Amino acid sequence: MRSPTPSSASARRLPRQSDGSRGRAGIIEGVMRTLSFAALAAALLALAGCRPLPPSKPSSQWTAQEARGAVVFQQNCARCHYATTTGSLHGPGLQALTKQPTMPSGMPPTDERLSVVILHGRTMMPGTPLTDSQLQDLLAYLHTL
Ligand code: HEC
């Protein structure tokens with residue numbers, strides 16, 4: 001995607017028109033082409049279901065609670081869920097889980113809803129018995145994704 005296609009590269013090598021007005025039209029045309037390419041790329045990404053997501057908080061900036069939650073996640077959730085993508089493993093990838101209006105089920109990603117899903121499970125997902133402090137740590141971690 002990043003390297004120019006052979007046709008656009010050779011187009012750029014064509015000699016410039018010396019006529020000033022033609023030159024400006026060429027610049028405008030170039031800008032329009034870039035804009036429509038960006039729109040096309042965004043439309044393709046949307047069609048593919050991979051909208052650009054807000055970035056996760058880097059692990060170097062985690063609070064102590066978020067770091068403890070990451071350990072709870074590794075021990076109880078990571079075998080079925082990716083944390084850094086939305087691609088599925090056994091369950092849906094959880095990147096940007098709490099930054100979206102809804103979870104894959106269509107329910108809002110509130111702490112209450114998440115706690116119920118985590119403790120009691122949902123369809124194919126088994127419930128995970130956690131202490132209250134483990135649950136709070138895990139929720140804090142899920143908010144960093
Ligand atoms: C044995 C595999 C497995 C484990 C372990 C597991 N999950 Fe899941 N999870 C799933 C599956 C499968 C689904 C999809 C369920 C469905 O049909 O909606 C799911 C769904 C979810 C959802 C989306 C719920 C919704 O409403 O769309 C969240 C959030 C979630 N899991 C979080 C977790 C967390 C956090 C843990 C760790 C405490 C965990 N899961 C452990 C398999 C698992």
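Thr131 counts as exposed in this predicted model, because 9 C-beta neighbours fall inside 10 Å. By the criterion applied, with C-beta atoms placed from the backbone, a residue is buried if 20 or more other C-beta atoms lie within 10 Å of its own, exposed if 12 or fewer, and partly exposed in between. Thr131 is found in the loop between strand S2 (125–126) and H5. Its C-alpha atom is separated by 9.7 Å from that of Leu119, 12 residues away along the chain. Helices (H or I, at least four residues) and strands (E, at least two) are DSSP runs, numbered from the N terminus. Residues are numbered from 1 along each chain as its sequence is written. The model being predicted, local features need pLDDT of at least 70 and side-chain atom pairs count only at pLDDT 80 or more, whereas totals for chains, interfaces and linings use all residues.

The average pLDDT of the protein chain, that is, the predictor's confidence in each residue from 0 to 100, is 83, and 71% of the residues score at least 70. Residues 3–11 have a pLDDT below 50, and beyond near neighbours in sequence this stretch has one contact in the model. Two residues are in contact if their C-beta atoms, placed from the backbone, lie within 7 Å. The protein chain contains five helices and two strands, which follow the order α-α-α-α-β-β-α from the N terminus on. Of its 145 residues, 10% count as buried. Among contacts with a separation of 6 or more, 47% join residues 24 or more positions apart.

The largest nonpolar core consists of 10 residues, namely Ala70, Val72, Leu94, Leu114, Ile118, Leu138, Ala140, Tyr141, Leu142 and Leu145. Such a core is a set of buried Ala, Val, Leu, Ile, Met, Phe, Trp, Tyr and Cys residues joined through C-beta atoms within 7 Å. At least two residues of this core come from each of helix H3 (64–76), helix H4 (111–120) and helix H5 (132–142). The most is given by H5, with four residues. In soluble globular proteins, nonpolar side chains tend to be buried together. The buried residues in H5 are Asp137, Leu138, Ala140, Tyr141 and Leu142, and what covers them includes H3 and H4.

The axes of H3 and H5 come within 7 Å and cross at roughly 100 degrees. Axes are lines fitted to C-alpha atoms, for helices over the stretch in contact, and angles run from 0 to 180 degrees between N-to-C directions. H3 and H5 are therefore roughly perpendicular to each other, given that angles under 35 degrees count as roughly parallel, over 145 as roughly antiparallel, 65 to 115 as roughly perpendicular and the rest as oblique. On the H3 side, Gln65, Glu66, Arg68, Gly69, Ala70, Val72 and Phe73 meet Gln134, Asp137, Leu138, Ala140 and Tyr141 of H5.

For H4 and H5, the axes come within 11 Å and cross at roughly 120 degrees. H4 is therefore oblique to H5. The crossing of these two helices is right-handed; a crossing is left-handed if the near helix is turned anticlockwise from the far one by less than a right angle, and right-handed if clockwise. Asp111, Leu114, Ser115 and Ile118 of H4 make the contact with Leu135, Leu138, Leu139 and Leu142 of H5. Apart from neighbours within four places in sequence, Ile118 is in contact with Thr128, Leu130, Leu135 and Leu138. Under the same exclusion, the contacts of Leu139 are with Asp111 and Leu114. Leu139 and Leu114 are 25 residues apart in sequence, and their C-alpha atoms are 7.8 Å apart in space. Leu139, found in helix H5, is partly exposed because 18 other C-beta atoms lie within 10 Å.

With 17 C-beta neighbours inside 10 Å, Ala96 counts as partly exposed. Thr123 is exposed, with 6 other C-beta atoms within 10 Å.
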